[in-house]
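Visitor: I would like to learn how to read a fold element by element. Please take me through this one.

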Amino acid sequence: MLSIFACLPRLHQTLIGCFSALIVIAIFFLPNPKELQGKEKQLEIGRHYPLSINAEALSPGVAIPPTATLRWEQYQVKSGESAAVLFQRIGLSSRLLYELTASDPEIKQQLTRLRPGDELSFGFDENDQLVQLRRSLSTYEAFMITKSEHGFTAKLDKKEVHYQYNYAEAQITSNFWNAAINAGLTPNQIMALAGIFGWDIDFALDIRKGDTFSLLYQEAVVEGEIVGKGNIIAATFTNQGTTFKAIINDDNGDYYDETGRAMKKAFLRSPLDFRRVSSNFNPRRLHPVTGRVRPHRGTDYVAPVGTPIWAAGDGVVVKSSYNRFNGNYVFIKHSNTYMTKYLHLKRRYVKTGQRVKQGQKIGALGGTGRVTGPHLHYEFLVHGVHKNPRTVSLPQSESLRGQAKQTFIANAKIRLQQLERFSHLMYAKR
Ligand SMILES: [Zn+2]
């Protein structure tokens, strides 16, 4: 080693000597880096520390209108109010309105198309001059008018919408509606959920304490804020021990089970809106007519007079009439096999011989005929024999086929897995 050093040119020897000395100094004489950190400089876990942010660096590279100095006034367009009337109401001149509409045909269009309820925001500067005018078009969009050197200019102010999945689940303790509201669902989502499973479950009479449901749904997010809860992507519902699963088909927006069979079936389980039916949780309730525990040949739904009654399936009205026992009644023949009957109606909306679609309003609930109180008496007949409409096995629903089926099943699997994962996360949090 030393002999190699001796062979090196003088300059190299000097340099190597110098660097070695530096390294030795560095190792022995520089302070330990840990000692350099002052006590107060060590960050603690769980404590918040203020950070200075360069606001200018965050803003986009375009000139920002001086909104900070503007005074904003908000007005809602009243019924029958034009821009001219609105301007007059809030004390702005017709000359200003003319300036606005003459600046740009798009501005003119926006201001002549005002509808009642539209939100307009007026931004004034310190001289009380109108500098900006904003017409809200939707949660994500606004039409923005800004004063410039030459009149007014306009642009569409569009916020970026992101979509994400969210999850909700619940166990029913009092009723389905309350459980769903507590789980954070919107009324639209609740009705959609009841709609998806409405061919399998009678939401009016067959929901029980302990039933559970879970769903994966789409959420619209604007600037980090949830602005809309939308489509149900996948859902499960366990009713009295039986679990149903449904997944949306992106091709048509309809729901299918994990094997590709349509959730939509030939018959709705209940021919009216479950929210109107009063006796959700009392399977042994007395019959409203006979006062006995067991209902007779049909199913009775107690709900307010006037509640719309729906055709349970597509078919032909074979009888729409009145007698003193049935009151106003409607019979629908769905095929050679199936017939449904609706009794004691207050009103009938269909005539004998008329074709009806599933879910179509055929009458209004009433108390006509031999009854002690208003209710719908509903019968379901298979080959002329009375069956319980809530438990009778229905004809197989349509199934997806070919490539569409394969794609759907693959997608459905992923979505049900996502649902599972969310469910585990929720379970871990509890
Ligand atoms: Zn009855």
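Visitor: What does the secondary structure of the chain come to?

Guide: Ten helices and 20 strands. Helices (H or I, at least four residues) and strands (E, at least two) are DSSP runs, numbered from the N terminus. This is a predicted model: local features need pLDDT of at least 70, side-chain atom pairs count only at pLDDT 80 or more, and totals for chains, interfaces and linings use all residues. Residue numbers start from 1 along each chain as its sequence is written.

Visitor: How many of the residues count as buried?

Guide: Of the 430 residues of the chain, 25% do. A residue is buried if 20 or more other C-beta atoms lie within 10 Å of its own, exposed if 12 or fewer, and partly exposed in between, with C-beta atoms placed from the backbone.

Visitor: Which share of the contacts joins residues at least 24 apart?

Guide: Take contacts between residues at least 6 apart in sequence; 60% of them join residues at least 24 apart. Two residues are in contact if their C-beta atoms, placed from the backbone, lie within 7 Å.

Visitor: On to helix packing. How is a pair described?

Guide: Two packed helices are described by the angle between their axes and the distance between the axes. Here, take helix H6 (residues 94-103) and helix H7 (residues 105-112): their axes come within 5 Å and cross at roughly 125°. Axes are lines fitted to C-alpha atoms, for helices over the stretch in contact, and angles run from 0 to 180 degrees between N-to-C directions.

Visitor: Which residues of H6 and H7 make the contact?

Guide: H6 supplies Leu-100, Thr-101 and Ser-103, and H7 supplies Ile-107, Lys-108 and Leu-111. By class, the contact of H6 with H7 has three nonpolar residues, two polar and one charged. Ala, Val, Leu, Ile, Met, Phe, Trp, Tyr, Cys and Pro count as nonpolar, Asp, Glu, Lys and Arg as charged, and the others, Gly among them, as polar.

Visitor: Now the sheets. What is the order of the open sheet of five strands?

Guide: The order is S6-S7-S8-S9-S10, with antiparallel pairing. Two strands pair if DSSP finds at least two bridges between them. Strand S6 (161-171) and strand S10 (255-256) are the edges; each has a single partner strand, so one side of each lacks a neighbour in the sheet.

Visitor: Which helices pack on this sheet?

Guide: Helix H9 (residues 187-196) touches strand S7 (212-222), S8, S9 and S10, and its direction makes about 30° with that of S8. Helix H10 (residues 402-429) touches S6, S7, S8, S9 and S10, and its direction makes about 95° with that of S7.

Visitor: How many bridges join S7 to S8?

Guide: Ten, and the strands run antiparallel. Leu-216 has Ala-234 in S8 as its bridge partner. Two residues lie between the strands of this hairpin, where Glu-223 takes a positive phi near 50°.

Visitor: And how many join S8 to S9?

Guide: Six bridges join strand S8 (residues 225-239) to strand S9 (residues 242-248), again an antiparallel pair. Asn-239 is partnered by Thr-242 in S9, and Thr-236 stands opposite Lys-245. The hairpin of S8 and S9 has two residues between the strands, and Gln-240 takes a positive phi near 50°.

Visitor: Where is Lys-159 found?

Guide: Lys-159 sits in the loop between strand S5 (152-158) and S6. It counts as partly exposed because it has 14 C-beta neighbours inside 10 Å. Leaving aside neighbours within four places in sequence, Lys-159 contacts Tyr-140, Val-222 and Glu-223. Lys-159 and Glu-223 are 64 residues apart in sequence, yet 7.7 Å apart in space, C-alpha to C-alpha.

Visitor: Which strands stand at the edges of the three-stranded sheet?

Guide: The order of this open sheet is S12-S18-S16, with antiparallel pairing. Strand S12 (308-310) and strand S16 (347-348) stand at the edges, each with a single partner strand. S16 and strand S18 (residues 361-364) pair over two bridges, and Arg-347 has Ala-364 in S18 as its bridge partner.
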